Structure formats: C-alpha cells, structure tokens
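Please consult the sequence and the structure shown here.

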Amino acid sequence: MATSATAPSEVATTPTSKRSLLIKISVGLIIVGFIIYVIVDLTTTQHTRRIIADFLDWIGENPAAGVFAFIGVYAMANIFFIPGTILTLGAGFVFANALG
C-alpha cells in the first residue's frame with residue numbers, strides 16, 4: 001500500500017517564504033543593533049540623552065504640536081527601549097511650565 005503524500009521534510013520552500021524570512025531576520029538585526037547602540041551610548045557619550053533634552057525644549061516652545069509629537073516619540077521610545085523615565089520627568093517639567 002503506497003501513499004503519494006509527501007512528508008513534511010520533503011516540502012520545498014518557496015522563494016516567497018525565503019524572502020519573508022530574510023526580511024524578518026533583517027528587521028530583527030536592525031532592531032537589535034539599535035538597542036545595542038542605545039545601551040552603549042547611554043554608558044558613554046550620551047547623545048541619546050541630549051537628543052531627548054533638545055526634544056523637550058522644543059515641546060516647551062511649541063506646546064500644541066508638542067503634545068502630539070510627545071505621544072509619538074514616547075511610543076517609539078518604548079519600542080526601542082529608550083528610558084521612558086527621562087521623557088516622563090521631562091514632560092512633566094516642560095508641560096507644567098508651558099501649560100501652567
């Protein structure tokens with residue numbers, strides 16, 4: 001009794017699935033690289049901290065647009081593991097001064 005069904009190990013991968021896997025690996029490596037950059041930067045030159053301080057100064061000067069920009073930047077900071085404490089404390093200070 002012979003069956004014509006192929007075993008799972010015999011199923012060939014399609015070019016689309018190889019491309020999808022390559023894209024997922026590339027995106028993963030970019031995210032891991034960015035996380036490593038932020039960690040190394042926070043322990044050495046602290047460019048990330050200066051960028052955050054400049055952003056909070058801009059929010060103080062533009063409170064209406066700053067609210068929406070802060071929401072977007074805060075969401076991205078959480079995704080890329082940038083410390084949210086700095087943004088939270090800075091926003092409290094900036095919005096308290098800007099909005100009263």
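Helix α2 (residues 47-61) contains 15 residues and spans 21 Å from its first C-alpha to its last, close to the 21 Å expected at 1.5 Å a residue, the expectation being 1.5 Å times one less than the number of residues. Helices here are DSSP runs (H or I, at least four residues), numbered from the N terminus. The model is predicted: local features need pLDDT of at least 70, side-chain atom pairs count only at pLDDT 80 or more, and totals for chains, interfaces and linings use all residues. Residues are numbered from 1 along each chain as its sequence is written, and side-chain values use heavy atoms, without hydrogens and water.

| Class | Residues of α2 |
|---|---|
| Buried | Thr48, Ile52, Phe55, Leu56 and Ile59 |
| Exposed, on the other side | Asp54 and Glu61 |

A pocket is an open set of points on a 1 Å grid over the protein atoms alone, where a 1.4 Å probe fits, with protein on both sides within 12 Å along at least five of seven lines; lining residues have an atom within 4 Å of a point. There are 13 lining residues, and Thr48, Ile51, Ile52, Val73 and Ile82 lie nearest the centre of the largest pocket.

Definitions and conventions
Helices (H or I, at least four residues) and strands (E, at least two) are DSSP runs, numbered from the N terminus. Buried means under 20% relative accessible area, exposed over 50%, partly exposed in between (1.4 Å probe, protein chains only).
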